[in-house]
Every structure is written in C-alpha cells, then in structure tokens.
Amino acid sequence: MAGMLHVTVAASLQASEVREWQLRLPAGASVADAVLACGLDVQHGHLACGIWGRAVELHERLRDGDRVECCRPLTVDPKLARRQRFASQGARAAGLFAKRRAGSKSGY
C-alpha cells in the first residue's frame, strides 16, 4: 500500500519485560504518532525514545522499517551498582581473572 510505513515499536515497561507492536502508519508520521498508536505515554518524561538505538526527539519523522525503542529511566547508576557488587564480593571473587586453574600464573 503506497504511502504507508511499516514500523516496529518496542517498549520496556517493567524489568525483564519487552513488548512489541507492529504498526502501519501514514507517510510522514513521527515518533510521537507511533508511540501514541501503541497507547504509551511519553509526554511526562517517563519513557525515552530512540530509533534503532539512537536517541531521537518525539517530532522526528519515521521511515519505512524503523524500530522505535522506548526505555524506562535507570533506577540505579550502572557504575555505582558495579562498585557495590565488587565491594560485596571482594577483590578475589570478582573480575576477569577470578576463576583460575589451580597452579596457573596470575592473569591467566
């Protein structure tokens, strides 16, 4: 059908959950149009949107075959979470070389 876009919208609304919608939108549709067609609310800043992993504004126009991705804000800074995990595990139990063969040199 001429003048129609085929777009996929993926949203992570809860931890370990991703929902996908396959949409057909008129040519010239924006990211906001696609998100509203799915019934999601991005107006209040609860979700950040991107196209194929690249952050975009809601007014950005879509092209045929685009994948719009809506993500929740992070609840914990990833660097801070890693530091806390490392501190609780200790230096010997964490890291790249934590599991070594018996009798091997350090770093192998």
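The structure is a predicted model, in which local features need a pLDDT of at least 70 and side-chain atom pairs count only at pLDDT 80 or more, while totals for chains, interfaces and linings use all residues. Residues are numbered from 1 along each chain as its sequence is written, and side-chain values use heavy atoms, with hydrogens and water left out.

## Overall fold

The protein chain contains two helices and five strands, where helices (H or I, at least four residues) and strands (E, at least two) are DSSP runs numbered from the N terminus. Followed along the sequence, these elements come in the pattern β-β-α-β-β-β-α. Of the 108 residues in the protein chain, 28% are buried; here buried means under 20% relative accessible area, exposed means over 50%, and partly exposed lies in between, with a 1.4 Å probe and protein chains only. The protein chain exposes about 8,000 Å², and carbon and sulfur atoms supply 53% of this area, as computed by the Shrake-Rupley method with a 1.4 Å probe, where for residues only the protein chains shown count as cover. Among contacts (heavy atoms within 4.5 Å) between residues at least 6 apart in sequence, 43% join residues at least 24 apart.

## The nonpolar core

In soluble globular proteins, nonpolar side chains tend to be buried together. A nonpolar core is a set of buried Ala, Val, Leu, Ile, Met, Phe, Trp, Tyr and Cys residues joined through side-chain atoms within 4.5 Å. The largest such core in this model has 20 residues, and those with the most contacts inside it are V9, V31, L40, L62, V68 and C70. The elements β1, β2, α1 (31-37), β3 and β5 each supply at least two residues of this core, and the largest share, four residues, comes from β1. For V68, the contacts beyond its neighbours within four places in sequence are with V7, T8, V9, A10, V31, V35, G50 and L62.

The residue S12, which lies in strand β1, counts as buried because its relative accessibility is 18%. When neighbours within four places in sequence are left aside, S12 is in contact with E17, V18, C70 and R72. The side chain of S12 also reaches the backbone oxygen of E17 at 3.4 Å. This is a polar contact, defined as a pair of N or O atoms within 3.5 Å; within protein, one atom must be able to donate a hydrogen and the other to accept it, and residues adjacent in sequence count only if both atoms are side-chain atoms.

## Salt bridges

A salt bridge is a side-chain nitrogen of Lys or Arg within 4 Å of a carboxyl oxygen of Asp or Glu, and a search of the whole structure finds three of them. They are set out below.

| Salt bridge | Distance between the closest N and O atoms |
|---|---|
| R67 and E20 | 3.1 Å |
| E60 and R54 | 3.9 Å |
| E69 and R67 | 3.1 Å |

The residues E20, R67 and E69 are linked in a network of salt bridges. In the salt bridge between R67 and E20, R67 lies in strand β5 and E20 in strand β2, so the pair ties together parts that are 47 residues apart in sequence. R67 is partly exposed at 22% relative accessibility, and E20 is partly exposed at 45%. In the salt bridge between E60 and R54, E60 is partly exposed at 27% relative accessibility, while R54 is partly exposed at 44%.

## Residues in the loops

The residue S16 lies in the loop between β1 (4-14) and β2 (17-26), and its phi is near 60 degrees, a positive value in a residue other than glycine. S16 counts as exposed because its relative accessible area is 83%.

In the loop between β3 (48-51) and β4 (54-55) is W52, which has a positive phi of about 50 degrees although it is not a glycine. W52 counts as exposed at 56% relative accessibility.

The residue G65 is placed in the loop between β4 and β5 (67-71) and is partly exposed at 41% relative accessibility. Not counting residues up to four places away in sequence, G65 touches H6 and W52. G65 and H6 are 59 residues apart along the chain, yet their C-alpha atoms are separated by 5.5 Å.
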